[in-house]
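Welcome! Take a moment to look over the sequence and the model before reading on.

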Amino acid sequence: MTDQKMHFDYLLRLGDNSLILGQRLAEWCGHAPMLEEDLALTNIGLDLLGQARMLLAYAGEVEGKGRDEDRLAFHRDTMAWRNLLLLEQPNGDFAHTMARQLFFDAFQYQQFAGLCSSSDERLAGIAAKSLKEITYHRRHSTDWVIRLGDGTEESHERMQRAVDSLWGYVPEMFDMDAVDDAMVAAGIGVDVAALRGEWDRYIDEVFAEATLSRPEDSWSVRGSREGKHSEHLGYLLAEMQFLPRAYPDAKW
Amino acid sequence: MSSETKSELPLYEVFIRSKNGLDHKHVGSLHAADAEMALTNARDVYTRRGEGVSIWVVKSTDIVASSPEDRGSFYEPSDDKLYRHPTFFKLPDEVGHM
């Protein structure tokens, strides 16, 4: 793989993460437990969508094949997506959504804090802008995980179940492959493997306050970097991409 | 009379000072479980996260309002007592606008 291809792939991963999670959060619109939370979830979804637009537009330029953000978002099939498996998981109940959000927010916060000093100035700019949003996202999801974990008997049980069921998607966030290594070597990317310790500390603190127990590291799945996804992504894309696929030349 | 029902979270009143604003203005109300949640909700609902604003949230039940029946005795007690209004003093020019 050439450097340019790796650079493209790296930006695509970042953009896909934001886009797929943003799409999942949009599904909550009008269905959240209360009006204020409905606004919060869609707000976060919009933040993520904004990040995705910046990252995918840039990725398209780096690739240099004339694909813009829309082309990348709406005309790629499952195998071409690079988002973390965690993020394409269904919303489930509110606790499930908050567990997924916390795991990713805590990770993305560290990742983007690192990207702020990327040698790729445009990426550093995008990261700096996004980090403000992510700081708020993390505060929001942290708050809810503590509230639910340390809430009623039922909310505690649901929160623990959510944490348990998503735990196996955590290790993938900290994987490094050839693209990551090359980007770190070029000063563009972040060594995510090195972020695990800090992530664990943060999550353990939240768990302690939320009276949740940390699951055992018994299973894990990965594959997003090679385009191997869970069965959920296909359905998500079918819904998201329907219109542009049906009318590929339409402008809106 | 309380409009609070068991299934609803308590009501908070929201006051916001905008970036160039001098004082906090009442902008509306919202439901939240506690003050911290009220703050984050207020940020989402009323500020669109514009930077440089200050938000106050107050539990609605903590606000005591004057009642319309008190209008007469509350607000019109001094119109006929000119000596209560400090309008007879000449301000020195140096003071400027007061």
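Predicted model: local features only at pLDDT ≥ 70, side-chain atom pairs only at ≥ 80, totals over all residues.

Residues are numbered from 1 along each chain as its sequence is written, chains are lettered from A and ligands numbered from 1 in the order in which they are written, and side-chain values use heavy atoms, with hydrogens and water left out.

**Chain A**

Let us begin with chain A, which has 10 helices and zero strands. Helices (H or I, at least four residues) and strands (E, at least two) are DSSP runs, numbered from the N terminus. The radius of gyration of chain A is 18 Å, close to the 18 Å that the globule rule gives for 252 residues, so chain A is as compact as a globular protein of that length. That radius is taken over C-alpha atoms, and the globule rule is 2.2 Å times the number of residues to the power 0.38. Along the principal axes, the C-alpha atoms of chain A fill a box of roughly 55 × 40 × 30 Å.

Side chains in chain A include 26 positive and 43 negative ones, and the centres of the two sets lie 5 Å apart. Here Lys and Arg count as positive and Asp and Glu as negative, with His and the chain ends not counted; the place of a charge is NZ of Lys, CZ of Arg, CG of Asp or CD of Glu.

**Chain B**

Chain B has two helices and three strands, and its pattern along the sequence reads β-β-α-β-α. The table sets out some values for both chains.

| Chain | Buried residues | Accessible surface | Share from carbon and sulfur atoms |
|---|---|---|---|
| Chain A | 57% of 252 residues | about 11100 Å² | 53% |
| Chain B | 23% of 98 residues | about 7800 Å² | 54% |

Buried means under 20% relative accessible area, exposed over 50%, and partly exposed in between (1.4 Å probe, protein chains only). Accessible areas come from the Shrake-Rupley method with a 1.4 Å probe, and for residues only the protein chains shown count as cover.

**A helix with a buried face**

Which residues are buried in helix α8 of chain A? In this helix, residues 178-185, they are Val179(A), Asp180(A) and Met183(A). Seen down the axis of α8(A), the buried residues fall within an arc of 100 degrees, so they line one face of the helix. The arc is that of the directions from the helix axis to the C-beta atoms. Part of the cover over these buried residues comes from α1 (3-26) of chain A.

Gly189(A) sits in the loop between α8 and α9 (196-209) of chain A. With a relative accessible area of 17%, Gly189(A) is buried. Beyond its neighbours within four places in sequence, Gly189(A) is in contact (heavy atoms within 4.5 Å) with Tyr10(A), Leu115(A), Met183(A) and Val184(A).

Is Gly50(A) buried or partly exposed? This glycine, found in helix α2 (residues 35-63) of chain A, is partly exposed at a relative accessible area of 27%. Its C-alpha atom is 10.0 Å from that of Ile126(A), 76 residues away along the chain.

Gly125(A) belongs to helix α6 (residues 121-149) of chain A and is partly exposed, with 39% relative accessibility. The C-alpha atoms of Gly125(A) and Phe112(A), 13 residues apart along the chain, are separated by 10 Å.
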